[in-house]
Amino acid sequence: MPVAPAACPRGRRRAPGAAAALAALAAAAGGPAAAAASALAAGVARRQRRGGPAARRRASLVEKLRKKADREKPALRDFGAAGAAAGDFDLLDMTPSDAADMNDLQLEWFPEESYPDGVPWCERLLAHDGVVAIKACLPDDPQRMAMGFAVVLCTRGAMEDFLMKPTVDTLRQELTCKYYIPFDAPSRRELGYVLSVGLVGELRGRGLAAALLRRALGEAQARAPEGVRAFALDVADYNAAAVRYYEREGFRFVKEQPDTYAGDGRRTHSANLYAKLVDVPQG
């Protein structure tokens with residue numbers, strides 16, 4: 001997976017006015033929509049008072065999505081304390097037409113150097129026949145904007161195209177060779193790699209990320225004639241929340257890879273390889 005959000009460089013763009021804008025939206029709305037928008041505005045304000053670029057990036061993304069939707073009142077009712085659950089969102093296949101939305105989300109989550117090719121890279125990823133990409137959309141959103149997504153690389157060819165060579169070599173050494181998983185041709189689909197799972201911050205804690213991941217893994221499994229025997233992913237060592245989440249989804253620690261992710265200044269972080277063995281001996 002790319003460099004984690006906490007490793008973002010200083011000087012990122014900020015949007016300190018998001019809370020005020022959402023408060024104004026709440027004042028203009030009526031009924032349940034006002035209460036939901038007020039709850040979201042309060043949450044954004046709390047994060048901004050605490051400071052930190054991650055809070056401001058989340059706020060700026062809400063503003064960005066509102067502007068891209070070209071409407072005064074997006075479906076913010078679904079962000080309230082009693083808002084929508086995972087089952088209330090639409091989970092849809094992504095296409096190259098979603099590349100701009102994917103790039104916007106990645107710029108909110110990761111440093112720009114993680115994806116230096118921007119929209120063209122996303123277009124190439126979403127057009128690859130060895131990639132499964134699922135997005136979550138707000139219900140009744142006519143523009144079907146991505147509020148989050150999960151991406152799984154389903155073939156060796158996709159992994160070689162979109163991962164660094166050391167990552168592919170580690171997958172071969174730690175999984176395909178050790179567990180006799182076929183990996184001898186670009187079209188092989190017995191190993192899958194979870195490239196990314198992410199959501200707009202205000203939608204976390206609803207089970208939506210888990211729904212996205214399960215849908216993407218299920219789609220990858222359905223496309224594999226011989227069945228997927230294992231799924232793998234990398235997660236930064238400091239990201240305890242992500243580790244707990246993936247472990248709940250059945251992934252287990254395989255190997256630490258030191259100095260994989262860049263941090264502030266000269267600091268680096270380890271990437272921990274996790275795997276979910278589906279149909280291999282686990283001795």
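1. Tyr246 is buried, and Phe251 is buried as well, where buried means under 20% relative accessible area, exposed over 50% and partly exposed in between (1.4 Å probe, protein chains only). Together with Tyr245, these residues, Tyr246 and Phe251, form one aromatic cluster.

2. This is a predicted model, in which local features need pLDDT of at least 70 and side-chain atom pairs count only at pLDDT 80 or more, while totals for chains, interfaces and linings use all residues. Residues are numbered from 1 along each chain as its sequence is written, and side-chain values use heavy atoms, with hydrogens and water left out.

3. Five aromatic pairs are found in a search of the whole structure; rings of Phe, Tyr and Trp (its six-membered ring) pair if their centres lie within 6.5 Å, with planes under 30 degrees apart counted as stacked, over 60 as edge-to-face and the rest as tilted. The pair of Trp121 and Phe162 is edge-to-face, because the ring centres are 5.7 Å apart and the planes stand at 85 degrees. Trp121 is buried at a relative accessible area of 11%, and Phe162 is also buried, at 9%.

4. Helix α4 (residues 99–109) has 10 of its 11 residues buried, so it is largely enclosed by the rest of the structure; helices (H or I, at least four residues) and strands (E, at least two) are DSSP runs, numbered from the N terminus.

5. Strand β7 (residues 268–277) is likewise largely enclosed by the rest of the structure, because eight of its 10 residues are buried.
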